[in-house]
Amino acid sequence: MNEQEIKYLKAKARVEALRGFYIHLTVYVIVNLGLFFINMITSPETLWFIWPLMGWGIAIVLHALRVFVDRPGSSWEEKKIAELMQEE
């Protein structure tokens, strides 16, 4: 595998990760808006929609961190992979 193919595969994986996050975020917003409206129609005196909003929100934040924040050690791993590939 040459350097161009490696770059392409990394870029493809990055795009797939971004797409997955944006799909997750879109579903989160749509479902929680639905839960909000259901809550307001059926029992506006009790705001229960906030619990799934917060619980799922934690998952969204963790997903965003995984996609957008460079993990410690990932640069070391990439350097090691490149080193081992050059040896072969």
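This is a predicted model: local features need pLDDT of at least 70, side-chain atom pairs count only at pLDDT 80 or more; totals for chains, interfaces and linings use all residues.
Residues are numbered from 1 along each chain as its sequence is written, and side-chain values use heavy atoms, with hydrogens and water left out.

**The chain as a whole**

The chain has 3 helices and 0 strands, and it follows the pattern α-α-α when read along the sequence; here helices (H or I, at least four residues) and strands (E, at least two) are DSSP runs, numbered from the N terminus. Of its 88 residues, 14% count as buried, where buried means under 20% relative accessible area, exposed means over 50%, and partly exposed lies in between (1.4 Å probe, protein chains only). Among contacts between residues at least 6 apart in sequence, 63% join residues at least 24 apart, a contact being heavy atoms within 4.5 Å.

The table compares the reach of two helices, from first C-alpha to last, with the expected span, which is 1.5 Å times one less than the number of residues.

| Helix | Length | Reach | Expected span |
|---|---|---|---|
| α1 | 40 residues | 58 Å | 58 Å |
| α2 | 19 residues | 26 Å | 27 Å |

In α1, the buried residues are Phe21, Tyr28, Asn32 and Asn39, and these pack against α2. In α2, which covers residues 50-68, Gly57, Ile60, His63, Ala64 and Val67 are buried. Seen down the axis of α2, these buried residues fall within an arc of 125 degrees, so they line one face of the helix; the arc is that of the directions from the helix axis to the C-beta atoms. An α-helix has 3.6 residues a turn, so residues three or four places apart point the same way. What covers the buried residues of α2 includes α1, whereas the face turned away from the buried side carries the exposed residues Trp51, Ile58, Val61, Leu62 and Arg66.

His63, found in helix α2, counts as buried because its relative accessibility is 17%. Leaving aside its neighbours within four places in sequence, His63 is in contact with Gly20, Phe21 and His24.

**The second largest pocket**

The second largest pocket has a volume of about 290 Å³. On a 1 Å grid over the protein atoms alone, a pocket is an open set of points with protein on both sides within 12 Å along at least five of seven lines, and lining residues have an atom within 4 Å of a point. Grid points are joined across faces, edges and corners, and a volume is the space filled by probe spheres set on the points.

The lining of this pocket consists of Met1, Glu3, Ile6, Lys7, Leu9, Lys10, Glu78, Ile81, Ala82 and Met85. The elements that give two or more residues to this lining are α1 (3-42) and α3 (74-87), and the largest share, 5 residues, comes from α1.

Ala82, found in helix α3, is partly exposed, with a relative accessible area of 36%. Ala82 and Glu3 are 79 residues apart in sequence and 9.9 Å apart in space, C-alpha to C-alpha.

Conventions:
On a 1 Å grid over the protein atoms alone, a cavity is a set of points where a 1.4 Å probe fits but cannot get out, and a pocket is an open set with protein on both sides within 12 Å along at least five of seven lines; lining residues have an atom within 4 Å of a point.
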